[in-house]
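Please walk through the structure below, one local feature at a time.

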Number of protein chains: 2
Amino acid sequence: SGVVETLFFPDSKLPCRNMRKPGGCRRPHCEFAHEPTSLTRFLAHLAAATRHLDICVFTITNDDISDVVLDLHRKGVKIRVITDNDQAQTQGSDIDKFRAVGIPVRQDRSPAHMHHKFAIIDGRVLLNGSFNWTRQAVTGNNENVTVMSDARLISAFQTQFNKLWEAFKQ
Amino acid sequence: SGVVETLFFPDSKLPCRNMRKPGGCRRPHCEFAHEPTSLTRFLAHLAAATRHLDICVFTITNDDISDVVLDLHRKGVKIRVITDNDQAQTQGSDIDKFRAVGIPVRQDRSPAHMHHKFAIIDGRVLLNGSFNWTRQAVTGNNENVTVMSDARLISAFQTQFNKLWEAFKQ
Ligand SMILES: [Zn+2]
Ligand SMILES: [Zn+2]
């Protein structure tokens, strides 16, 4: 049907980073999540990128997410990021980290907001919804991300991405 | 495919309210839109409701939109509204207008945000995306609304709506 799944937030816990290691987490009484959460499913969709990842998100400050993006960049996935300048200035680090490794980032410098929160993975999967890529949005807010594979929908968002990418050229 | 259409904002103009009247607009050099815009298509989806309209939107301050909601209420459509208290207090008027005519409104009074921006029309069509129901979002921001008819997707959002409706009971 073109709908892969819908993720709702908040998650009750952030994912345990020890689960990325061989052997998993050995901390007694670890307070982080060891089971799948909306965030881990979200990260798994991003991490599945093999060629292209186009990101168009108002606020990006979540290190679990930016770690996946940086990892994809190291593996050779071609990444482009559009964000909003109001947010990029307050957030600093994640956008700075992307730029530092050579991921191209363009910003809406107008007083209006580039308020989208979508990403297109290999021209094949669209993530879209209310969810900004922040920590508060994961364990605090009520949010949604729809994961879609409909070709016509993805084409409409890809066209919009390309248009904004040109519009926000320096 | 379950995807009806995607609406992108900003619109270059707000819709001309004279177009609602018989005979349309007779203002010379009218600066408002007389042709379809993303907002008029958005409004047409809302206005098509005949039985139920469930609204779950962070900020609601756009009078073109609230006029349609109030009109549906007068025609007997059963409407429920979930919004965020931070926004409902600053915005005042539209939420107050809904309450004044007897439309039930529930608010997230927690410090976190009820950040969704979706509506379900007759259990048949879902509007969802980055778009808050404000004036700035129409003619200022870059925003999207996906219009979806996929039954499984709508069921997931309806379940989420019902859960939040119970959670935000006074
Ligand atoms: Zn752990
Ligand atoms: Zn006019």
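Which residue caps the N-terminal end of α1(B)? In this predicted model, the cap is T37(B), with a side-chain oxygen 3.3 Å from the backbone nitrogen of L39(B). The helix α1 of chain B spans residues 38-47, and its buried residues are S38(B), L39(B), F42(B), L43(B), H45(B) and L46(B). Viewed down the axis of α1(B), these buried residues fall within an arc of 155 degrees, so they line one face of the helix.

Chain A supplies the protein donors of the zinc ion (ligand 1): the SG atoms of C16(A), C25(A) and C30(A), and NE2 of H34(A), lying 2.1 to 2.3 Å from the ion. The arrangement is tetrahedral because the four donor atoms subtend angles of 103 to 117 degrees around the zinc ion, every angle having to lie between 85 and 135 degrees for that label. Along the sequence, the donor residues follow the spacing C-x8-C-x4-C-x3-H. C16(A) and C30(A) are 14 residues apart, and each is in the loop between β1 (3-9) and α1 (38-47) of chain A. Both C16(A) and C30(A) are buried.

The loop between β1 and α1 of chain A also holds P10(A), which a cis peptide bond joins to F9(A), with omega about 10 degrees. In chain B, a cis peptide bond joins F9(B) and P10(B), with omega about 15 degrees; P10(B) is in the loop between β1 (3-9) and α1 of that chain.

D122(A) is not a glycine, yet has a positive phi of about 55 degrees. D122(A) sits in the loop between β5 (117-121) and β6 (125-129) of chain A, and counts as buried at 8% relative accessibility, the cut-off being under 20%. D122(B) likewise has a positive phi of about 55 degrees, and counts as buried at 9% relative accessibility.

Note on methods. Residues are numbered from 1 along each chain as its sequence is written. Chains are lettered from A and ligands numbered from 1 in the order in which they are written. This is a predicted model: local features need pLDDT of at least 70, side-chain atom pairs count only at pLDDT 80 or more; totals for chains, interfaces and linings use all residues. Side-chain values use heavy atoms; hydrogens and water are left out. Buried means under 20% relative accessible area, exposed over 50%, partly exposed in between (1.4 Å probe, protein chains only). Helices (H or I, at least four residues) and strands (E, at least two) are DSSP runs, numbered from the N terminus. The arc is that of the directions from the helix axis to the C-beta atoms. A polar contact is a pair of N or O atoms within 3.5 Å; within protein, one must be able to donate a hydrogen and the other to accept it, and residues adjacent in sequence count only if both atoms are side-chain atoms. Donors are N, O and S atoms within 2.8 Å of the metal (3.2 Å for Na, K and Ca); water is not among the atoms, so sites may look incomplete. Four donors count as tetrahedral if all angles lie between 85 and 135 degrees; four count as square planar and six as octahedral if opposite donors are over 155 degrees apart and all others between 65 and 115; anything else is irregular.
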